[in-house]
Amino acid sequence: MSFNKFAYPLALATFFATIISQAAAYDPLDPTGNITIKWDVMSWTPDGYVAVVTMTNFQMFRHITSPGWNLGWVWAKKEVIWSMVGAQANDQGDCSKFKGNIPHCCKRNPTVVDLLPGVPYNQQIANCCKGGVVASWGQDPSAAVSSFQLSVGRAGTSNKTVTLPKNFTLLGPALGYTCSQAKKVSSSVFITADGRRKTQALMTWNVTCTYSQILASRYPTCCVSMSSFYNSTVTPCPTCSCGCQSRNQCVSSDSEIRTVVAMNASTSQQTNVVRCTNHMCPIRVHWHVKLNYKEYWRVKMTITNFNYQKNYTQWTLVAQHPNLNNITQVFSFDYKPLIPYQSTNDTGMFYGLKYYNDVLMESGPDGNVQSELILQKDMNTFTFKQGWAFPRKIYFNGDECMMPPPDAYPYLPNSANSNLIASSTMASFLLLVLLVFW
């Protein structure tokens, strides 16, 4: 009887836990975003095969930053890696059983990293050797690919005898990714440079990795503050937006910077050295409603880096706002609309101009980037009331930022509302007078 009493709640809890764990890796602004790892067996060897592994980042606005990706798996049998091109295993393991030729890696659970730029040409392969940095698909599809080649021994030598690796893990460069089990798919097809011949892999399998911000960090990594021309109040980031557990380690004055950074550099484990603030976030995005025109309105966005030890290269900023469907001009940033659903066009990605402001420098005088937007009004929906002019969501480098509570948004005073309406009405009246008496 007691079993029946608790069986249903337990089953229900298990069901919801499963749903939540799966939904955690789902991003409504990038519903199909993932990193696909494809293994193509290109040739057989006496005791195994040679494969080209290609990692493609299909995430629209989340890239892999320095120090780069870290890919691991577990061999199904007793396989070894004889050699690698374009990458390396970070631990050779125990190869004492081998005489003569020594494998590159004998570990049952190898971990592989990309090679650094500038390695000799005989160690390179196409799309390798970028230090593990991979761009987002929305920002630069040509740089959203990373590849390496490996020769596997003590493995099967045919499609029927090869056993797929399992338990894949991906760090990009930190936690957050969950990978599926390898799955056999149709063999990849390759077309020669002249387009006159097709070849195909002998065998292909895929692994799909998805990102969850919940798994990556207990707290957000950025926050949003707000202001407007019609209200003198500045709405700051919420207190402890990114957690206050590191408040004892933050830098409160310029005199402390050199000491703290030097101490951090002397240790093998690097930690963020963040300026002491009420929000304790390494990144703050400020959205300022700057000007109001008759048919347009203007917004200024400022991204500030509070991290004294980190530059953000190829950064991305994603904003969700209903008026982004009618954006007229963007200054100082590149802009690309994101339309995950055909029925809605309210999301856009901003990123820096190459060689101009695509690197957000460490905290200090140069530790910020700015842009202004001009948006055309839709008179059926446009208003400054109830915080409509502020974004619904902000993402920085693929992570959602902590927003202020809606009741803390800069509000439109009643007098300001009347003045705006009166100004618009007066302008229309004067225009009508001019047309009548001209």
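A87 stands opposite D114 in strand β6. Strand β5 (87-89) is an edge strand, and three bridges join β5 to β6 (residues 111-114). The two run antiparallel. This is a predicted model, in which local features need pLDDT of at least 70, side-chain atom pairs count only at pLDDT 80 or more, and totals for chains, interfaces and linings use all residues. Residues are numbered from 1 along each chain as its sequence is written, and side-chain values use heavy atoms, with hydrogens and water left out.

**Terms for strands**

- Strands (E, at least two residues) and helices (H or I, at least four residues) are DSSP runs, numbered from the N terminus.
- Two strands pair if DSSP finds at least two bridges between them.
- Strands of a sheet pair through backbone hydrogen bonds, either parallel or antiparallel.

**The four-stranded sheet**

- Four strands form an open sheet, in the order β5-β6-β3-β8.
- The pairing in this sheet is antiparallel.
- Its edge strands, β5 (87-89) and β8 (166-171), each pair on one side only.
- From one strand to the next, the twist averages 20°. Such angles run from 0 to 180 degrees between N-to-C directions, with axes as lines fitted to C-alpha atoms, for helices over the stretch in contact.

**The six-stranded sheet**

- Six strands make up an open sheet with mixed pairing.
- Their order is β15-β14-β16-β17-β24-β20.
- β15 (231-235) and β20 (327-331) are the edge strands, and each pairs on one side only.
- Neighbouring strands here are turned by 15° against each other on average, direction ignored.
- Strands β17 (residues 296-305) and β24 (residues 368-376) pair in the antiparallel sense over nine bridges.
- W297 stands opposite L375 in β24.

**Aromatic rings**

- Rings of Phe, Tyr and Trp (its six-membered ring) pair if their centres lie within 6.5 Å. Planes under 30 degrees apart count as stacked, over 60 as edge-to-face and the rest as tilted.
- By this rule there are 24 aromatic pairs.
- In one of them, the rings of W297 and W388 have centres 6.1 Å apart and planes at 45°, so the pair is tilted.
- This pair links distant parts of the chain, 91 residues apart. W297 is in strand β17, and W388 is in the loop between β24 and β25 (393-396).
- One aromatic cluster is formed by W39, Y49, W73, W75, F168 and W205.

- Buried means under 20% relative accessible area, exposed over 50%, and partly exposed in between (1.4 Å probe, protein chains only).
- W297 has a relative accessible area of 0%, so W297 is buried.
- W388 also counts as buried, because its relative accessibility is 13%.
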